[in-house]
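Visitor: I have a model open and would like to walk through it. Where do we start?

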Amino acid sequence: MPSKNQLAEQLDPATTALLTVECQQGVVGPGSALPELAEEARSSGALDRVALLVAAAHRAGVQVLHAVAERRPDGRGASGNARLFRAAGRLPVQQHSGTEAVRVAAPIEVAAEDLIVRRLHGLSPLAGTDVDALLRNLGCRTLVVTGVSANVAVPNAVFDAVNLGYTAVVPSDAIAGVPADYTPAMIRNTLALVATITRTDDILACWPGGPVRE
């Protein structure tokens, strides 16, 4: 865990961006294709904390990006080279482009200045998307990674960010995966080796305006 001053330096609003990963209706919403994951994201408070971080980022002038996973109804361009993709294609709720399933889920509020980055293939919010180019154009050096899942997309985002030269910061209480005890194991044994691990309140304390809770 970094010191308060070290964390504040890493999280300078001028060079920091906040990424929400697959926080979309069809993944974490009431009609999720993955109800166990949606329940964990909500019951753990992770989704509420993502919303707090997004609101704080808006107040502090930190750029927010929302990474959304979707597919065309005809499946064109989608990946089929992993069991996960084949299973997703059989789910009763599909993440089809233009549908409610790919809208950012409540209670997260999307501001006009937020960037929504959509992907039609693969596992990573960064690889094969516009995220890296957008971050570089924005002068970003630190990427705060939040959302789901701690099983696949979140570690992919962290690894890709580190490989591309960014400092990755992960608020451990603003990500979720299944089963519930997998997330702390992933953080302790994997993400802590490559990212700064912190908590939502510590990030909120670093940004102008401080935490605002309902």
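Guide: With a term: buried means under 20% relative accessible area, exposed means over 50%, and partly exposed lies in between, using a 1.4 Å probe and protein chains only. This is a predicted model, in which local features need pLDDT of at least 70 and side-chain atom pairs count only at pLDDT 80 or more, while totals for chains, interfaces and linings use all residues. Residues are numbered from 1 along each chain as its sequence is written, and side-chain values use heavy atoms, with hydrogens and water left out.

Visitor: Fine. Arginine 136, then: what is its relative accessible area?

Guide: Arginine 136 has a relative accessible area of 46%, so it counts as partly exposed. Its side chain meets that of aspartate 132 in a salt bridge, at 2.9 Å from N to O. A salt bridge here is a side-chain nitrogen of Lys or Arg within 4 Å of a carboxyl oxygen of Asp or Glu.

Visitor: Where do aspartate 132 and arginine 136 lie?

Guide: Both are in helix α6, 4 residues apart, or about one turn of the helix. Helices (H or I, at least four residues) and strands (E, at least two) are DSSP runs, numbered from the N terminus. Aspartate 132 is buried, with a relative accessible area of 19%.

Visitor: Are glutamate 22 and arginine 119 buried or exposed?

Guide: Both are buried. Another salt bridge joins arginine 72 and aspartate 74, whose closest N and O atoms are 2.7 Å apart. There arginine 72 is partly exposed at 35% relative accessible area, and aspartate 74 is partly exposed at 48%.

Visitor: New topic: the largest nonpolar core. How many residues?

Guide: It has 31, and those with the most contacts inside it are Leu11, Leu18, Ile108 and Trp207. A nonpolar core is a set of buried Ala, Val, Leu, Ile, Met, Phe, Trp, Tyr and Cys residues joined through side-chain atoms within 4.5 Å.

Visitor: Which helix gives the most to this core?

Guide: α4 does, with 9 residues. Leaving aside neighbours within four places in sequence, isoleucine 108 is in contact with Cys23, Leu47, Val50, Ala51, Val54 and His66. A second, separate core has 27 residues, including Tyr166, Ile175, Leu191 and Ala195.

Visitor: What about α3: which residues are buried?

Guide: Leu37, Ala38, Glu40 and Ala41 are buried in α3. They lie on the same side of α3 because they cover an arc of only 165° around the axis. The arc is that of the directions from the helix axis to the C-beta atoms. Pro35, Glu36 and Glu39 are exposed, on the face turned away from the buried side. The cover over the buried residues of α3 includes α2, α4, β4 and β6 (175–176).

Visitor: And α8?

Guide: In α8, Thr183, Met186 and Ile187 are buried. Their arc around the axis is only 95°, which puts them on the same side of α8. Among the elements covering them are α7, β6 and β7.

Visitor: What packs against the buried residues of α7?

Guide: They pack against β1 (16–21), β4, β5 (167–171), β6 and α8. Just after α7, glycine 165 has a positive phi of about 100°.

Visitor: Last one: is leucine 193 buried or exposed?

Guide: Leucine 193 is exposed, at 69% relative accessible area. It sits in the loop between α8 (182–189) and β7 (196–198).

Key
Contact = heavy atoms within 4.5 Å.
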